[in-house]
Amino acid sequence: MGIRLPSLPKTSAPPRLARSRRWLATLTLLASLAAGCGGGQATASPSATPPKTSSTAQAAGTTPSASASATPTSYCDAQDTTIPGAAAYLTGGPQPSTLTAVQQAWLQMQSSMVPACSEIVPDAPPVTTQNLTNGELSSADFQTWVTEDAEWWTLVEWAGQHDQASFITYLQGGSGNTLTSFVRAGGKVVDSQICEFPEKADAVSITAEQMSALTDNVSQTAGVVYVIAAVGPCTSVWTADDGTVTDKGLSAGQESIEVDVTTTESNAALGQFEIKTAGWDQGDSAAADAIMEQVGI
């Protein structure tokens, strides 16, 4: 029998796969592409606040994994397919012409590829959830968020293996971080399932003052944020362009915790999907740490 390692102190956990570390979006997404490349796209809500409902907050429980993606099957391919001219366009080159509607939809989100359908269907394990919003967020809306969050991590995982730094930046509301820099430099990231998805997710209501602190005053409206945690053991293998390999995974019992501010967008390729407009790892923000302590995840 193997020896079970003791749980490490939460504060000793590394940033969540060095992905969400201190990103902050402006909450105004990338400008729309020209009319010849798919038309305009929506702008994120400044408050990133889900609609209030009169539903009773759900008790702690386990939410089944997201077994199916909302992605319209007509907007992905049987295999990963490069969008002609997209890579050059995303680095300042000429705008591609004569693209299909599918290619236009993915390029709108700053992807230079149309992904294989099989690669962007979430295979997330069950998530232990707590709705701590006292009815501000309904159980149904929380379940929708859990499903969209699983899709978000699935898309980021695909992007981290296919040189899609601009697409990751898009999913982060227009901001970059350690992961995007690494991928842009030619690196690839492969996570085991447990490192790819959170094991715990709590929804919590916060004050306008807390929201302001989390978003550097971009949003000053009370709302709902999410505290999520990945729990080891798991692997996150980062392979640099020069072949250097680093495992940034979690040891047995180790947790990586973050607070996320999110909003939703819509695109023909994905339907409704999640944008993470701000994210803070444990130890990087006094405001986020206070929320983590309040939740006790």
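So, which hand does the link of Cys-76 and Cys-117 have, with 100° about the S-S bond? The link of Cys-76 and Cys-117 is right-handed. Before I go on, please keep in mind that we're looking at a predicted model.

Okay, disulfides. A quick reminder: a disulfide is a covalent bond between the sulfur atoms of two cysteines. In this model the count comes to 2 disulfides. If you number the bonded cysteines in sequence order, the pairing reads 1-2, 3-4.

Let's take Cys-76 and Cys-117. Their sulfurs sit 2.0 Å apart, S to S. Cys-76 is in the loop between strand S2 (61-63) and strand S3 (81-82), while Cys-117 is in the loop between strand S4 (113-114) and S5, so the bond ties together parts that are 41 residues apart in sequence. And how covered are these two? Cys-76 has a relative accessible area of 8%, and because the cut-off for buried is under 20%, Cys-76 goes down as buried. Cys-117 comes in at 22%, so we call Cys-117 partly exposed.

Now the other pair, Cys-195 and Cys-234. Here again the S to S distance is 2.0 Å. This one links distant parts of the chain: Cys-195 belongs to helix H6 (residues 193-196), and Cys-234 lies in the loop between S8 and strand S9 (236-239), 39 residues apart. What about the handedness of this disulfide? The torsion about the S-S bond is about 60°, so the Cys-195 and Cys-234 disulfide is right-handed. On accessibility, Cys-195 is buried at a relative accessible area of 0%, and Cys-234 counts as buried at 9%.

S7 covers residues 200-206 and is mostly covered, with 5 of its 7 residues buried. Which strands does S7 pair with? One partner is S5, residues 127-132, in the parallel sense over 5 bridges. Another is S8, residues 223-231, and that pairing is antiparallel, over 7 bridges.

Methods:
Residues numbered from 1 in each chain as written. Predicted model: local features only at pLDDT ≥ 70, side-chain atom pairs only at ≥ 80, totals over all residues. Heavy atoms only, no water. Buried < 20%, exposed > 50% of the residue type's maximum accessible area, 1.4 Å probe, protein only. Helix = DSSP H or I, 4+ residues; strand = E, 2+ residues; numbered from the N terminus. Pairing = 2+ DSSP bridges. Disulfide = S-S within 2.5 Å.
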